[in-house]
Amino acid sequence: MKTRWGLFGLGWALLLVGALIAHLVQTTGGTEIKDVRFMGADGNLQSGLLYIPEGASAEEPAPGILAVHGYINSREVQSGFAIEYARRGYVVLSLDQTGHGASEGPAFSAGFGGPAALQYLRSLEIVDTDNIGLEGHSMGGWTVLAAAKAYPDDYRSIVLEGSSTGAPFAADGDTSWPRNVSVVFSAYDEFSQLMWGVARADDAEQSPKLQALFGAEEPVEEGRIYGDIDSGTARVLWQPPVTHPGDHISHAAIGHSIDWFAQTIEGGTDLPADDQVWFTKEIGTLVSLVGWVVLVLGTIGLLLSLPFFTPLRAPVVDAAHERRDGKWWLVFALGAVIPVLDYYPIFTLAEMILPASWLFPQTITSQVALWAVINGVIIWSLGFVIRGAKVEFEHDTPRSVILALATIFVAYVAVLILDFFFKTDPRFWFVGLRPLTAERFGIALVYLVPFGLYFLLAMRALHGGLSVAGQSAAAEYVLNALALMGGFLVFLALQYAVLFSTGQLLTPSEPLNTIVMFQFVPLLLIAALISTYSYRRTASYVPGALVNALFVSWYVVAGQATQFAY
């Protein structure tokens, strides 16, 4: 009992300590952060985090910046940029695009929410409307370009991080529009073909589209300012040595944007661009994420110590293998490799047969769900072909359901507490847990069905097919984790080794799905830890499978774009 309370307490301690660290960093210098809502186009409510630097008031308005995340991200991902802008005296609106986070409406609608957000920022009496900048990453770049197109006189400069003017979703750029543009396009950006029409990001300076924006007849020179800031025609290119999502955790990428706004907007402080503290906030939220996982494990253990859940407790007595022989390694290899091999084909199939609809309104979530169902069935079927493991179905399913619901309830309350008191969430980079809106809660219940099927089938195969008599707890945790996410980890390592050595992904036509794959590694790692912890205490795969189904449904739906508006 003492150990279970200890794990439960440790989880809360890590959650709160991490959140406190993150909060202190993002409010450094007296910055205040508010969760704001405002009316967007077509009556849709839009969401944002408003960073207010100390001293900004109606009597002394401060310059403002609209900062926008990319596709299938949310306002929290822009925190590195927002923290540093606020430290330099800018009022920052970090927006949830339409169909993302807590913003209503379908994704891609109403200029991605950009025009309405710019007008909201300008409506604040604490903002100097003569000095407003726009910054957007990836699709966020198209968001701020939509705002610039709708209101060409309402801003002074733009930073496009990993984004571009022109097709497919923005107006063409030239020497007079947009005003004062800094293009920060990383040397290993996976979307070079989509953004600038070049096969390798490092060749962006040779892009005809970029040259048209800069008014250059030769390759654009990195770091050289073309045009004139005072007349609004200035342009500059920077290519930090990171990837497309890497812009969010790059001191260079963030620093270039700080420097551009310092040159083009009046009213900010002269704090050097290389004086950055945002990464400590990332460490804090990572500590919270680790704490969240520990809290889930501690909650499971604590609940199992209660009399109501006593019938679920049982020692593991049967194992599928006496030792790790050739048969074991075959099961292990197939389970790790098959989900990677069919990943791209299934995502392509899902895009064709599961367009956004009232039932399945999130395109990428539908792709993940179809992948999950197909691979759950494949892995489950392999169990009957290759092995003869003795795995019994949970003998007390109602208690397992209650255990899973109670565990996720505690975990969800923890996220609500962090959001309410600290304006943070458990996360690292673009992997994070945020509260569900009422609409997304309903969506999560729909996707819970395919994710529930996957975890019931996959966890049955995991514990029934890879259990080894007498193996240590450490070996069981590590090997189960590698069985679930190891294939993705190895494949991504190969993908990016090729990217960093050749300038192109191994699958250059799949940049978005490759970046989506990143999240499979931490998600499946967490799923393996939860399932193994539960299995070792109940001798059943069902409780852990149900906890994971609820967790993943929540995580994916909260973080993905909604393409169908109800």
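Modeller: Helices here are DSSP runs of H or I with at least four residues, strands are runs of E with at least two, and both are numbered from the N terminus. The model is a predicted one.

Helix 16 spans residues 520-538, and helix 17 covers residues 542-559. Their axes lie 8 Å apart, and the two helices pack at an angle of about 155°. Angles over 145 degrees count as roughly antiparallel, and helix 16 and helix 17 are therefore roughly antiparallel to each other. Their crossing is right-handed. On the side of helix 16, the contact is formed by Leu-523, Ile-526, Ala-527, Ile-530, Ser-531, Ser-534 and Thr-538. Helix 17 contributes Pro-543, Gly-544, Val-547, Asn-548, Phe-551 and Tyr-555. Sorted by class, the residues of this contact comprise eight nonpolar, five polar and no charged.

The loop between helix 16 and helix 17 holds Ala-539. Phi of Ala-539 is near 55°, a positive value in a residue other than glycine. Most residues other than glycine have a negative phi. At a relative accessibility of 32%, Ala-539 counts as partly exposed, because that class lies between the limits of 20% and 50%.

Helix 16 also packs against helix 14, which runs over residues 473-502. Here the axes come within 9 Å and cross at roughly 160°. Helix 14 and helix 16 are therefore roughly antiparallel as well, and helix 14 passes helix 16 in a right-handed crossing. From helix 14 the contact draws on Ala-473, Glu-476, Tyr-477, Asn-480, Ala-481, Leu-484, Met-485, Phe-488, Leu-489 and Leu-492. The residues supplied by helix 16 include Phe-520, Val-521, Leu-524, Leu-525, Ala-527, Tyr-533, Arg-536 and Arg-537. By class, this contact has 17 nonpolar, two polar and three charged residues. Ala-527 is listed in the contact with helix 17 and also in the contact with helix 14.

The largest nonpolar core has 144 residues, and Leu-66 and Trp-292 have the most contacts inside it. Helix 17 gives the most to this core, with 13 residues. In soluble globular proteins, nonpolar side chains tend to be buried together. Apart from neighbours within four places in sequence, the contacts of Leu-66 include Leu-93, Leu-95, Ala-117, Leu-118, Leu-121, Leu-134 and Val-144. Gly-114, Gly-133 and Glu-135 are also among them. A second, separate core of 23 residues includes Ile-33, Ile-83, Val-159 and Trp-260.

Glu-135, which touches Leu-66, is also in contact with Tyr-85. Tyr-85 lies in helix 2, residues 79-87, and is buried, with a relative accessible area of 1%.

Ala-204 and Ser-207 both belong to the loop between helix 5 and helix 6. Ala-204 is buried, with a relative accessible area of 1%, and Ser-207 is buried at 0%. Val-198 is a contact of Ala-204 and of Ser-207. Beyond their neighbours within four places in sequence, Ala-204 also touches Phe-185, Leu-210 and Gln-239, whereas Ser-207 also touches Trp-196.

Phe-108 has a positive phi of about 80° although it is not a glycine. Phe-108 is found in the loop between strand 4 and helix 3, and at 33% relative accessibility it counts as partly exposed. The loop between strand 6 and strand 7 contains Pro-168 and Pro-178. The peptide bond from Ala-167 to Pro-168 is cis, with omega near 15°. That from Trp-177 to Pro-178 is also cis, with omega near -5°. Most peptide bonds are trans.

Technical notes:
Residues numbered from 1 in each chain as written. Predicted model: local features only at pLDDT ≥ 70, side-chain atom pairs only at ≥ 80, totals over all residues. Heavy atoms only, no water. Axes fitted to C-alpha atoms, helices over the stretch in contact; angles between N-to-C directions. Parallel < 35°, antiparallel > 145°, perpendicular 65-115°, else oblique. Left-handed = near helix turned anticlockwise from the far one by under 90°. Contact = heavy atoms within 4.5 Å. Nonpolar A, V, L, I, M, F, W, Y, C, P; charged D, E, K, R; others polar. Core = buried A, V, L, I, M, F, W, Y, C linked by side-chain atoms within 4.5 Å. Buried < 20%, exposed > 50% of the residue type's maximum accessible area, 1.4 Å probe, protein only.
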